[in-house]
Amino acid sequence: MSQNTDHIVKTISPDNNVYYFNNNIDVRICPKNAMSTIKNVAHLLNDDHHDNKTLPAMWRVQNVREKCDRITPPFRKGSKRYAIKRDPIERFLSAYRFLKLHHGVTMSIDETIDKLETGEHKYEPHYMSQSYFLGNPETYDQVIDIKDTITLLDMLWKNRSTEAEMIPHDLVCNLQANMTHDQKQLGGFELTKDQESRVVELYKIDYKRGWHGN
């Protein structure tokens, strides 16, 4: 890529949260919505990332800057657009487990909900709404439930470039969709009815727009 990367930062935002695939297919990403899976398949099937192989997020941001439609970023002009949706309660719990496992967060679920309700929680993209990252479902050619991620992976593999022809189908379709879906030793896998109601209220915009499970 031609642009200098000195001023590229990897922070994910609605301005840069998309991976570009062959045949003008754009897949927009959101934390805890199979984001790591989409990142991994992008780096398997795309051909222009090799010079930035150790900096995947910076590669993505720079790619968007260079190729996005200037009127409707972060998508490319005329692209076929896809996103993955997830039930907000399930997504909240997945974020909670992830932060507990990988970032040493010790707050209880109640404390986490309290701070999200009051606005005192620190900046944390894993708890930001799907609506923030993805906008409206009507923007997309197809929105896929996270449980059906394999159908998206299959489609991306079938549309792979000639340079990626040797990538096996099984390697793409067997990518782990959620690394923290079954961390039973961490606890916090069930919400009380009160906690559930509070989470639903926190993410009411996602329910209103349709960013929830089937």
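Contact here means heavy atoms within 4.5 Å, and helices (H or I, at least four residues) and strands (E, at least two) are DSSP runs, numbered from the N terminus. With that in hand, Thr 37, Ile 38, Val 41 and Leu 45 in helix 1 meet Thr 149, Leu 152, Leu 153, Leu 156 and Trp 157 in helix 6. This is a predicted model, in which local features need pLDDT of at least 70 and side-chain atom pairs count only at pLDDT 80 or more, while totals for chains, interfaces and linings use all residues. Residues are numbered from 1 along each chain as its sequence is written, and side-chain values use heavy atoms, with hydrogens and water left out.

**Helix 6 and its surroundings**

- Helix 1 (residues 35-45) and helix 6 (residues 149-158) pack at about 15° with axes 11 Å apart; axes are lines fitted to C-alpha atoms, for helices over the stretch in contact, and angles run from 0 to 180 degrees between N-to-C directions.
- The residues of the contact of helix 1 with helix 6 divide into seven nonpolar, two polar and no charged; Ala, Val, Leu, Ile, Met, Phe, Trp, Tyr, Cys and Pro count as nonpolar, Asp, Glu, Lys and Arg as charged, and the others, Gly among them, as polar.
- Seven of the ten residues of helix 6 are buried, so this helix is largely enclosed by the rest of the structure (buried means under 20% relative accessible area, exposed over 50%, partly exposed in between, with a 1.4 Å probe and protein chains only).
- The buried residues of helix 6 are Thr 149, Leu 152, Leu 153, Asp 154, Met 155, Leu 156 and Trp 157, and their packing partners include strand 1 (18-21), strand 3 (80-85) and helix 7.
- Ile 150, also in helix 6, is partly exposed at 45% relative accessibility.

**Helix 8 and its two partners**

- Helix 3 (residues 88-102) packs on helix 8 (residues 193-202) at about 105°, with the axes 9 Å apart.
- That makes helix 3 roughly perpendicular to helix 8.
- Pro 88, Ile 89 and Phe 92 of helix 3 touch Glu 196, Val 199 and Val 200 of helix 8, a contact of five nonpolar, no polar and one charged residue.
- Helix 4 (residues 109-118) and helix 8 have axes that come within 11 Å and cross at roughly 30°, which makes helix 4 roughly parallel to helix 8.
- The contact of helix 4 with helix 8 divides into five nonpolar, one polar and four charged residues.

**Loops and backbone geometry**

- Most residues other than glycine have a negative phi, and most peptide bonds are trans.
- Asn 23, in the loop between strand 1 and strand 2, has a positive phi near 60° and is partly exposed at 41% relative accessibility.
- The side chains of Asn 23 and Asn 159 make a polar contact at 2.7 Å (a pair of N or O atoms within 3.5 Å; within protein, one must be able to donate a hydrogen and the other to accept it, and residues adjacent in sequence count only if both atoms are side-chain atoms).
- Asn 159 itself lies in the loop between helix 6 and helix 7 (169-173).
- Lys 32, in the loop between strand 2 and helix 1, has a positive phi of about 75°, and Lys 32 is buried at 13% relative accessible area.
- The peptide bond from Pro 73 to Pro 74 is cis, with omega near 10°, and Pro 74 lies in the loop between helix 2 (56-67) and strand 3.

Key:
Parallel < 35°, antiparallel > 145°, perpendicular 65-115°, else oblique.
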